[in-house]
Amino acid sequence: MPAKKAADDARTTAGKAADGKAADGKAADKPVVAKGVAGEGGAEKGVVGKSAAAKAAVGKPESRTALVRRARRINRELAEIYPYAHPELDFENPFQLVIATVLSAQTTDLRVNQTTPALFAAYPTPEDLAAADPERVEEILRPTGFFRAKTKSVIGLSKALVEEFGGEVPGRLEDLVKLPGVGRKTAFVVLGNAFGRPGITVDTHFQRLVRRWKWTEQTEPDKIEAAVGALFPKSEWTMLSHHVIFHGRRICHARKPACGACPIAPLCPAYGEGETDPEKAKKLLKYEKGGFPGQRLNPPRSYLDAGGRPAPPLGAG
């Protein structure tokens with residue numbers, strides 16, 4: 001099977017996720033192009049050679065078995081590149097996470113993280129937020145954009161928690177999606193990260209990458225969720241989501257992916273859509289890969305140990 005051979009060849013070519021870990025197990029200081037990808041014999045100097053997966057894509061269609069193997073190999077490589085992958089919203093309990101996730105619509109996690117400290121200081125419980133003055137909440141949420149609609153959502157969500165669930169965030173999908181402003185994506189964020197129950201978070205990054213990798217041709221989030229979920233054991237779904245989203249934010253960007261600095265380039269059928277020159281690609285890297293602060297004001301210790309830096313509070317700098 002050509003696709004399987006391409007994936008096996010890619011393993012030898014890629015090495016051990018060169019951008020992710022140094023020999024001592026810590027994240028490397030500088031991103032490194034996957035070993036053996038940069039073209040030498042005949043290839044233009046400094047430009048990554050065509051990936052094995054991309055070459056296979058023009059030949060015989062990839063079998064289901066080969067697809068599963070390639071998808072799982074990508075996830076294993078991403079786990080080595082981002083051993084510190086985590087939800088990039090600051091939270092201390094399920095209530096804070098569900099509110100923060102609702103607020104993250106149409107804005108960045110960074111802006112939410114800079115805004116929620118004031119919100120949770122003023123309204124630490126569902127009971128408090130349910131009884132809040134909407135105008136005061138609007139003023140706090142103004143930096144997140146669409147603050148009037150978001151105020152209505154978080155107050156309505158809090159009232160529903162108080163009236164229907166005794167002030168506790170439910171731990172079941174069918175209950176979570178009944179809450180105002182909570183869809184399947186938000187529900188799986190909460191289930192996976194606050195309750196330890198596996199779920200796939202199909203955000204814009206996840207949708208973009210799994211289609212680039214030819215894991216699915218589906219375009220609707222629920223169909224993408226089902227198609228990708230079928231490729232992996234359920235126990236891996238939550239961390240798979242973190243790995244893919246981290247990669248989408250740091251390397252495989254929407255408009256200009258940093259192909260030349262991507263450690264999984266040999267496994268990617270879409271290699272070449274972005275910048276392939278390694279030096280130019282390095283300049284496109286974001287967050288800890290590019291030496292910049294992350295999105296959380298209070299990130300996990302593992303992220304800090306890997307060289308990541310916390311984001312500044314609202315108004316700083």
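Predicted model: local features only at pLDDT ≥ 70, side-chain atom pairs only at ≥ 80, totals over all residues.

Which residues lie nearest the centre of the largest cavity?

1. Cys252, Pro257, Cys259, Cys262 and Cys268 do, among the 15 residues that line the largest cavity. A cavity here is a set of points, on a 1 Å grid over the protein atoms alone, where a 1.4 Å probe fits but cannot get out, and lining residues have an atom within 4 Å of a point.

2. Residues are numbered from 1 along each chain as its sequence is written, and side-chain values use heavy atoms, with hydrogens and water left out.

3. The structure holds 1 cavity of 30 Å³ or more, and the space in the largest cavity is about 120 Å³. Its lining comprises 12 nonpolar, 1 polar and 2 charged residues (Ala, Val, Leu, Ile, Met, Phe, Trp, Tyr, Cys and Pro count as nonpolar, Asp, Glu, Lys and Arg as charged, and the others, Gly among them, as polar).

4. The largest pocket (an open set with protein on both sides within 12 Å along at least five of seven lines) contains about 740 Å³ of space. Of its 40 lining residues, Asp109, Asp203, His205, Ile245 and Arg249 lie nearest the centre. The lining of the largest pocket is made up of 14 nonpolar, 19 polar and 7 charged residues.

5. Helices 4 (94-103), 5 (109-122), 10 (184-194), 11 (204-212) and 13 (237-250) each supply at least two residues of the lining of the largest pocket. Helix 13 provides the largest share, 7 residues.

6. The second largest pocket has a volume of about 220 Å³. Its lining includes Asp90, Glu92, Asn113, Phe120 and Arg296, and helix 5 gives the most to that lining, with 4 residues. By class, the lining of the second largest pocket has 4 nonpolar, 4 polar and 3 charged residues.

7. The protein chain has 15 helices and 0 strands (DSSP runs of H or I, at least four residues, and of E, at least two). Of its 317 residues, 51% count as buried, that is, under 20% relative accessible area with a 1.4 Å probe.

8. Among contacts (heavy atoms within 4.5 Å) with a separation of 6 or more in the protein chain, 61% join residues 24 or more positions apart.

Conventions:
Points joined across faces, edges and corners; volume = space filled by probe spheres on them. Buried < 20%, exposed > 50% of the residue type's maximum accessible area, 1.4 Å probe, protein only.
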